[in-house]
Every structure is written in structure tokens, then in C-alpha cells.
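Q: I am new to this structure and would like to learn how to read it. Could we go through it together, one feature at a time?

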Amino acid sequence: MSLDTPAPARATAASAAPTSPGGAAMPVGRPGRPDAQLLAHITRSLAATAAEFDAGGHFPHANFELLRRHGLLGLVVPREFGGAGGRLAEARELIAAVARGEPATALVLVMQLLLTRLLGQPDCRWPAALRERVLRSAVREGALGNQLRVEPELGSPARGGLPGTVARRTADGWRLSGHKLYTTGIDGLRWLVVWGRTDEPTPRAGQFLVPADAPGLQVKRSWNHLGMRATASDEVLLDDVPIPLDHAVDLCAPEDWLTRPDPEQQAWMSVLLATLYDAVARNARDWLLDFLRRRVPSSLGAPLASLPRAQEAMGEIELLLVASQAQLDAATAAADAGRPWSAADSGLLKVAVTRNAIAVVELALRQSGNHGLDRANPLQRYHRDVLCGRVHTPQEDSALVAAGRAALRPAAQA
């Protein structure tokens with residue numbers, strides 16, 4: 001049964017700065033680019049409790065406190081706002097390390113990095129004061145944010161259509177009402193960037209900044225998925241939620257949103273999401289390597305690793321992972337050099353790497369038999385998590401149609 005929880009009591013606890021046993025606020029680490037030693041420490045720390053968070057399906061607050069202590073939630077915030085000014089290469093390294101430890105944490109972190117990266121761009125359309133407030137809160141307090149876009153009737157906004165979430169103009173601001181699905185990380189969020197439309201005679205569509213403790217906001221406990229269970233991707237109900245006038249941070253004609261793709265933002269999204277699921281596949285590869293080396297059936301009298309069929313399967317896994325690595329390296333380097341791939345090509349990258357990741361885990365399952373499906377082993381968890389890669393925007397059909405349409409354009413248009 002779903003539990004409907006008023007947001008203020010939950011969000012305030014989640015977003016408040018953690019305190020020491022003596023009651024003093026714990027310091028946030030100075031933003032910086034993590035080195036290999038820190039990344040390895042993060043992976044080990046998160047991996048130690050990953051099975052527990054998966055089994056319980058609860059939000060990993062402790063994981064984000066670890067990231068907060070090391071100043072990593074402001075990694076890509078520009079230096080002028082106190083951040084580390086990290087590039088896609090550093091963001092990718094961080095996501096890979098976190099995902100090797102606990103993938104649900106990595107998915108929430110992807111959303112944080114994408115939002116703060118978007119707000120850090122010089123052409124950001126948000127009011128300057130609000131933009132700075134959100135960015136500095138990420139740096140100083142480790143405040144998390146995410147965009148709330150998916151709705152029961154609309155589905156994903158990437159496929160078009162006006163949102164059902166409506167903002168009504170009042171004398172002192174806006175009143176927002178609507179219903180959002182899959183609000184990844186809701187238990188830890190400070191800022192909700194809500195996709196909605198105005199109630200004007202000619203509606204505008206866009207983004208409204210809603211503090212997570214705003215009155216009239218409720219969380220409906222509905223997240224019970226097979227994989228990525230600790231993401232707290234529950235539903236959010238907005239009932240006449242009041243926000244100031246300037247919290248309508250980016251509104252324009254609905255059709256204008258279709259003509260405003262940002263190839264660099266698309267590249268970041270595709271690379272970071274693909275990196276997450278590639279990391280899950282690498283965990284599966286490592287588990288299988290250990291299993292094949294240690295497993296010595298009495299009928300064989302030697303490790304399974306000595307069998308040609310096991311060696312061939314491992315070769316197939318290496319092929320898939322090398323292909324993904326090469327594509328991710330190329331897309332990352334292009335974006336950091338200011339030459340991001342087209343939105344269509346970035347979509348293909350996400351599809352290709354996700355397909356490879358799923359194939360790697362399924363190959364590992366075939367080679368391990370009952371052992372891989374045993375809940376005492378992590379391979380079944382990797383399988384459940386990696387399947388979630390298919391649902392993120394751009395979904396496979398949309399990415400393939402976009403790429404096919406681009407390829408079929410007349411030469412002059414191309």
C-alpha cells in the first residue's frame with residue numbers, strides 16, 4: 001500500500017545540514033576534483049552497504065553525506081559560484097566510481113550534475129539570483145536538485161505534449177497543481193524543478209522552481225521497481241503549491257522547447273547515464289571472473305576458467321566493454337573540447353552502451369547458472385539494475401527514429 005506523506009516533514013529532514021553528535025553542523029568539504037584514491041574509497045564505502053539499500057529500497061542518505069563531506073555535490077558548479085568547475089571527464093569518473101559502489105546513488109547524482117551543469121551555463125535563462133542561490137546551496141550545503149517532468153497522462157515530455165501540471169497566476173506569485181511520476185531522489189532533494197504550463201489564454205510551458213518543503217506538496221509512496229530500488233523515485237502531488245513570481249524560472253511557447261535542444265547538455269546526459277550502466281556491467285564482469293577462477297567442479301578437476309567456452313564468453317564480454325569504453329571516451333573528449341556530438345549521435349551512444357551493458361550481465365548470468373541467480377550473490381542485483389538503463393531518455397525507439405530521420409534527410413539539409 002502506498003503511503004502519502006506531506007513533503008515538509010520529510011524534505012526538511014532530508015535537506016537540513018547534517019549535525020555532529022554535539023549538535024553542531026558538520027562542514028561541507030571544499031569542492032575539488034577527486035583523485036583516484038578518493039574515488040576508490042568512495043566505491044568501497046558505497047559497495048559495503050549496496051545490498052542493504054537494495055533489499056530495503058530506502059534512500060541512501062549516508063552515501064550522500066559521504067559525497068557531501070568531500071565536496072562532490074558541487075563538482076561541476078562553475079568556480080565563480082564556489083564550485084570545482086569540473087568537466088565532463090571528471091563528472092564521468094565520479095559517476096563510474098559511485099555506480100561501481102551503489103548505482104541508485106549514482107543515478108541521483110547524475111541528475112544533480114546535469115542540473116548544476118545546466119545552471120552554470122552563461123546562457124542559462126533562469127533569474128540570476130535564483131540560479132546563484134541553487135548553485136551555492138549545492139556547494140555550501142550539498143543541496144540536491146532534480147527536474148520533475150514525467151506525468152501519468154503525459155508520459156515523458158521528450159515525446160511532446162503539454163504537461164498536465166498547471167501554474168495559476170495570483171496576486172503575489174503562482175499556485176502550482178499537478179502530479180509527477182518517477183521523481184528520482186525525492187527523499188534527499190532540496191530543489192524541485194517542475195515542468196508545467198501556465199493557465200494563461202495562450203499557455204506557456206516551462207520550469208518552476210519549488211522548494212521541497214513547500215506547503216501543499218505531498219509524496220505518494222509508489223516506487224517498488226525491480227532495479228535501482230534505492231532511488232526513492234516516488235510520485236509527487238502538488239496541490240495549489242505557492243511559489244514566488246520569479247520562481248517561474250524558464251517559460252516560453254511550448255513549440256519553442258522543441259527547437260531548443262542543447263547538444264552539449266544532451267552529450268552530458270547520454271555520457272553520464274551510459275557510464276552508470278557500463279559501471280554496473282563492469283561489476284558483473286569482475287564477479288564472473290572471480291567465480292570462473294574459483295569454481296572447480298569435481299567432474300572437471302580444474303577451474304571453470306580453463307574451459308574454452310568460458311574463455312570465449314569472457315572474450316565476448318571484453319569486446320562489448322572495450323567498444324563502450326571507446327565510444328564514451330570519444331564522446332567525452334568531444335564535449336570537453338567544445339565539439340559535442342549531435343543530439344542524435346548522443347542518443348545512439350546511450351542506446352549502444354546500454355545495450356552492451358545489458359548483454360554483458362546476461363552473458364555473465366549464462367556462465368554462472370544458478371549461482372548468478374542466487375540472491376546471496378550480487379549478479380542478480382546487477383541484472384535488475386542494468387535493465388533500468390532502457391527507460392531513461394532518450395529511450396531506444398526515440399533515439400533510433402531521430403538518428404534515422406537525420407540520416408535520411410536530403411543531402412542539402414544535412
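Q: Which residues of α4 are buried?

A: Welcome! This is a predicted model, in which local features need pLDDT of at least 70, side-chain atom pairs count only at pLDDT 80 or more, and totals for chains, interfaces and linings use all residues. Residues are numbered from 1 along each chain as its sequence is written, and side-chain values use heavy atoms, with hydrogens and water left out. Helices (H or I, at least four residues) and strands (E, at least two) are DSSP runs, numbered from the N terminus. Buried means under 20% relative accessible area, exposed means over 50%, and partly exposed lies in between, with a 1.4 Å probe and protein chains only. In α4, the buried residues are Asn63, Phe64, Glu65, Leu66, Leu67 and Arg68.

Q: What covers the buried residues of α4?

A: To read a cover, look for contacts, meaning heavy atoms within 4.5 Å. For the buried residues of α4, the cover includes α2, α3 (50-56), α5 (88-101), α6, α7 and β2 (144-148). After α4 comes Gly71, which has a positive phi near 70°.

Q: At what angle do α2 and α4 pack?

A: Axes are lines fitted to C-alpha atoms, for helices over the stretch in contact, and angles run from 0 to 180 degrees between N-to-C directions. Here helix α2 (residues 36-47) packs with helix α4 (residues 61-69) at about 165°, their axes being 10 Å apart. Because of that angle, α2 is roughly antiparallel to α4. Angles under 35 degrees count as roughly parallel, over 145 as roughly antiparallel, 65 to 115 as roughly perpendicular, and the rest as oblique.

Q: Is the crossing of α2 and α4 left-handed or right-handed?

A: A crossing is left-handed if the near helix is turned anticlockwise from the far one by less than a right angle, and right-handed if clockwise. The α2 and α4 crossing is right-handed. On the α2 side, His41, Ile42, Ser45 and Leu46 meet Asn63, Leu66 and Leu67 of α4.

Q: How many nonpolar, polar and charged residues are in the contact of α2 with α4?

A: Ala, Val, Leu, Ile, Met, Phe, Trp, Tyr, Cys and Pro count as nonpolar, Asp, Glu, Lys and Arg as charged, and the others, Gly among them, as polar. This contact has 4 nonpolar and 3 polar residues, with no charged ones.

Q: How do I read the crossing of α6 and α7?

A: Start with the axes again. Those of helix α6 (residues 103-119) and helix α7 (residues 128-141) come within 10 Å and cross at roughly 135°. That angle is why α6 is oblique to α7. Their crossing is left-handed. Gln112, Thr116 and Leu119 of α6 make the contact with Arg131, Val134, Leu135 and Ala138 of α7. By class, there are 4 nonpolar, 2 polar and 1 charged residues in it.

Q: How far does α7 reach from its first C-alpha to its last?

A: The expected span of a helix is 1.5 Å times one less than its number of residues. With 14 residues, α7 reaches 19 Å, close to the expected 20 Å. Its buried residues are Leu130, Arg131, Val134, Leu135, Ser137, Ala138 and Val139. They pack against α6, β5 (189-198), β6 (205-211) and β9 (248-252).

Q: Where is Met228, and is it buried or exposed?

A: Met228 sits in the loop between β7 (217-220) and β8 (234-244). With a relative accessible area of 2%, Met228 is buried. Although not a glycine, Met228 has a positive phi of about 50°. Met228 is also one of the contacts of Leu107, leaving aside neighbours within four places in sequence. Leu107 itself lies in helix α6 and is buried at 4% relative accessibility.

Q: What about Asp240, where is it found?

A: Asp240 is found in strand β8. Asp240, too, is not a glycine but has a positive phi, here about 55°. At 28% relative accessibility, Asp240 counts as partly exposed.

Q: Which residues does a cis peptide bond join?

A: For this feature, look at omega. A cis peptide bond joins Thr393 and Pro394, with omega about -5°. Pro394 is in the loop between α13 (379-386) and α14 (396-408).
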